[in-house]
Amino acid sequence: MNFDKIREMVAKDISIDKTELGDESARIPQLHNKYLNVFHDERLILHKMFAEYKILRKNKWEWMTGKMSQELLDSLKWEPFQQRVMRQDLGLYLDADSDLTEQESKIALQTEKVEYLESLLKGISQRHWVIRNSIEWRKFTQGVV
């Protein structure tokens, strides 16, 4: 799910109607379930991205060291790597590879999304305290003990 779409949903869902605090309290489990499902889906995507990255990194390593089979080269539509890379420099080449850095950027964005959702779930879990404090404040301002 797009990060902006998630933020739009949150902006709409997270506001508290101060005139209907009882309804807002009853909405907490529904909100929690909704965003828990989104969180789990996005976390699964993140795990898949990490697995894809590991496979891509291994393939790039095989490609750069000349150990990749011709069948795999053909299936990936890659040309044989033309440079001779010393073993101690291989990490430098892998770190600078455009496919790997692109995948790392995607993983970073997905990680931010998952952390945002995790923080949101913690906030939703604490929502009852906000509602309780609002009720207590109303009692106090109206002189109810």
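**Exercise 1.** Which residues in H1 meet which residues in H2?

Solution. The model is predicted: local features need pLDDT of at least 70, side-chain atom pairs count only at pLDDT 80 or more, and totals for chains, interfaces and linings use all residues. Residues are numbered from 1 along each chain as its sequence is written, and side-chain values use heavy atoms, with hydrogens and water left out.

Step 1. Helices are DSSP runs (H or I, at least four residues), numbered from the N terminus. Contact means heavy atoms within 4.5 Å.

Step 2. On the H1 side are Ile 6, Met 9, Val 10 and Asp 13; they meet Arg 27, Leu 31, Lys 34, Tyr 35 and Val 38 in H2.

Step 3. Sorted by class, this contact has six nonpolar, no polar and three charged residues. Here Ala, Val, Leu, Ile, Met, Phe, Trp, Tyr, Cys and Pro count as nonpolar, Asp, Glu, Lys and Arg as charged, and the others, Gly among them, as polar.

**Exercise 2.** Describe how H2 packs with H5.

Solution. Step 1. Axes are lines fitted to C-alpha atoms, for helices over the stretch in contact, and angles run from 0 to 180 degrees between N-to-C directions. For H2 (residues 21–65) and H5 (residues 98–125), the angle is about 160° and the axes are 9 Å apart.

Step 1. That angle makes H2 roughly antiparallel to H5 (over 145 degrees).

Step 2. The contact of H2 with H5 comprises 19 nonpolar, five polar and ten charged residues.

**Exercise 3.** At what angle do the axes of H2 and H6 cross, and which residues meet?

Solution. Step 1. The axes cross at roughly 175° and come within 10 Å. H2 and H6 are therefore roughly antiparallel to each other.

Step 1. Leu 21, Glu 24, Ser 25, Arg 27, Ile 28 and Leu 31 in H2 meet a set in H6 made up of Arg 127, His 128, Ile 131, Ser 134, Ile 135 and Arg 138.

Step 2. Five residues of the contact of H2 with H6 are nonpolar, three polar and four charged.

**Exercise 4.** How many aromatic pairs does a search of the whole structure find? Classify the pair of Trp 63 and Phe 81.

Solution. Step 1. The search finds five aromatic pairs (ring centres of Phe, Tyr and Trp, its six-membered ring, within 6.5 Å).

Step 1. Trp 63 and Phe 81 lie 4.7 Å centre to centre with 65° between the planes, an edge-to-face pair (planes over 60 degrees apart).

Step 2. This pair links distant parts of the chain, 18 residues apart: Trp 63 is in helix H2 and Phe 81 in the loop between H3 (70–76) and H4 (90–96).

How values were computed. Helix = DSSP H or I, 4+ residues; strand = E, 2+ residues; numbered from the N terminus. Parallel < 35°, antiparallel > 145°, perpendicular 65-115°, else oblique. Phe/Tyr/Trp six-rings, centres within 6.5 Å; stacked < 30°, edge-to-face > 60°.
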